[in-house]
Amino acid sequence: MSEAAKQPVQRKSLEERDRMSDLERLRHSCAHIMATAVLRLWPEAMLDIGPPTDEGFYYDFELPSHRFSPDDFEKIEAEMKKVIKENHVFEKQQKTREEARAFFESKGQKFKVERLADIPEGETISFFQSGEFTDLCAGPHVMRTGNVKAFKLLRVAAAYYRGNEKNQQLQRLYGTAFANKTELEEWLKAQEEAKKRDHRKIGREMELFTFDEDVGPGLPLWMPNGTVLIEELEKLAKESEFAAGYLRVRTPHLAKENLYLTSGHLPHLYAESMFPPIEMYEDRDHADQPKAKYYLKAMNCPHHHKIFAAVPRSYRELPLRLAEYGTCYRYEQSGELMGLMRVRSMQMNDAHIYCGPEQFANEFRAVNELYLKYFKIFGFDKFVMRFSTHDPSKLGQKFVNEPILWKQTEDMVRRVLVESGINFIEVPNEAAFYGPKIDVQLWSVSGREFTIATNQVDFAVPRRFGLVYKTRDNTEATPLCIHRAPLGTHERFIGFLIEHYAGRFPLWMAPEQVRIVPINEDQIEYGQTLTNNLRSLGVRAQLDASGDKFGAKIRNAELARVHTVWVIGPKEQTAGAVAIRRHGAGDLGAKPIDIATQELLEDIRLRR
RNA sequence: GCCAAUUUAGCUCAGUGGUAGAGCAACGGUUUUGUAAACCGUCGGUCGUCGGUUCAAAUCCGACAAUUGGCUCCA
């Protein structure tokens, strides 16, 4: 689902409405048609709103007497077709506020009455009527219901009134509409194609990861092939971070309650997102003592802060960059779990950079460059950087009360972003409690938006932990902290990589880099020698010594998405060569073994 | 957590009241093959779990679990 559909719907200005595309117009009109049909079938339905989305449209209903299910689609669609065939004109009307209220009150449409109040004083209150259906609506619409040529209902979902969990749930019907049947069918086909790239499907096919009911929901088990991906990513991260002056640390998976009381995550802020504590007597012989509470860590920062605090720090040590691929556990709500994209145990490409204010801009710039370096390696081009800032009116509530630091750091971050020419959008009021942040947003093949990486400034928690360093003039100062995770978590990042590459990983990451396929039995021994040589050079090579027919071996290698196949027959053996075949690219001809090997090693070294 | 749907062999799926089936995979044998499927045979399921209705349940009902699509939330 698109971001537009996920966000609580903002009222569009009249100018924005004028710019509404033909497709949005069509879809919005189709939403009216759907509401018309629903009211014919269930006259007692209460209507909320029905806007267009990136994918189609929806309409929210309150209908306690009936639960919508996909079985209703046929009936509703049939009724919609009737409305379309009746070819009603979408007729714009204006009412005064009082007339509008009276109109909806007479029909008992309570949500519409409430929505009326959202329209600013002075703005025209417009209605659209098509047939017997009249809706509060600023438009625009297509001319007639008959203009809707191709539509389909997609799914039924619950949605909280005004997007607020505390409000009642309404029933939402999603649908889509296109200019013609061909475009609708193409879109449906594209949806089917996208499903083939779904990381859950490819993960099963390639034996990358699995979930098991006995282990628990959201707790992935990494199989050997998936573990290769993890270890290659970690190699990349460790090399890059080492070169950038990071120091590696390691911290336990749990900690006592007090750590999170200090950080402020407990007792309230983050308690719901953490697994409930393990409670135990520190001394089994003294059960009269209070029990100690241990929490699985949901983030690594507090542990890293304690490492900072472990020895007296000097300005000479700053910036101090502590890095760890830390494993965290978050008790995500069961309905939010989704394959590898949303899990309960995750390994984070985490690091905390402690620095002085004069070092901040450089550190922040270097972190950004690291992001861009990674995204270039993976060929990510459709990401959006979201710069979340604070709302000064909420200082001391939603945001830590440090007006000067907020302004300073936000200005610095903005300057770095502008100077480095990064495309970013600024989102007010979305910052973390302790500072501004940058999230990198990507879309999964199913169209869902996720944060793939994050980069946050923290000027509150170091103070809570009493972190200080000695400055040049022998005073004590609290460091700023940059919290960064450019490769996000293994789980989500690899989920994206699987979909991004559709399982066809570049050589350096490929779980099986080379498969050696002998044409007949006589080459098996030779193939074994080649395999052993490659493995001694660190190449993930396998020999296909099966009794399959040659064509079947090729097919199996293709289906397994093996990156490179070396075919060896009598000709190659005699010539000291291999015939190279690349996944998806077919037969690339023969090369001498030395050259073929060198090329492999070079591509791996350069992460191609 | 909430709403809806789904759950049958390792995978993809048939089977809507009369005690389970296909293709692929796996395993055994025969075959030794030049760039996407050789042939024969064998194994494999208390139909998600527990309970209920019934002479009889994969099939009907209920609870629970997991998964999926949304909502809320988030790396």
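Asn429 sits in the loop that joins strand S18 (424-428) to strand S19 (437-443); helices (H or I, at least four residues) and strands (E, at least two) are DSSP runs, numbered from the N terminus. Its phi is near 70°, a positive value in a residue other than glycine. This is a predicted model, in which local features need pLDDT of at least 70, side-chain atom pairs count only at pLDDT 80 or more, and totals for chains, interfaces and linings use all residues. Residues are numbered from 1 along each chain as its sequence is written, chains are lettered from A and ligands numbered from 1 in the order in which they are written, and side-chain values use heavy atoms, with hydrogens and water left out.

Arg561 also has a positive phi, near 55°. Arg561 belongs to the loop between helix H18 (550-559) and strand S26 (564-568).

Two peptide bonds are cis. The bond from Leu266 to Pro267 has omega near 5°, and Pro267 is part of helix H11 (residues 265-269). The bond from Leu318 to Pro319 has omega near -5°; Pro319 is in the loop between strand S14 (313-314) and strand S15 (320-329).

Turn now to RNA strand B. Among the 62 residues around RNA strand B, Tyr160, Gln169, Ser334, Arg448 and Thr451 come nearest, where a residue is near a molecule or strand if one of its heavy atoms lies within 4 Å of it. Sugar and phosphate make up 53% of the atoms of RNA strand B that come within 4 Å of the protein. H18 contributes the most to this surface, with seven residues.
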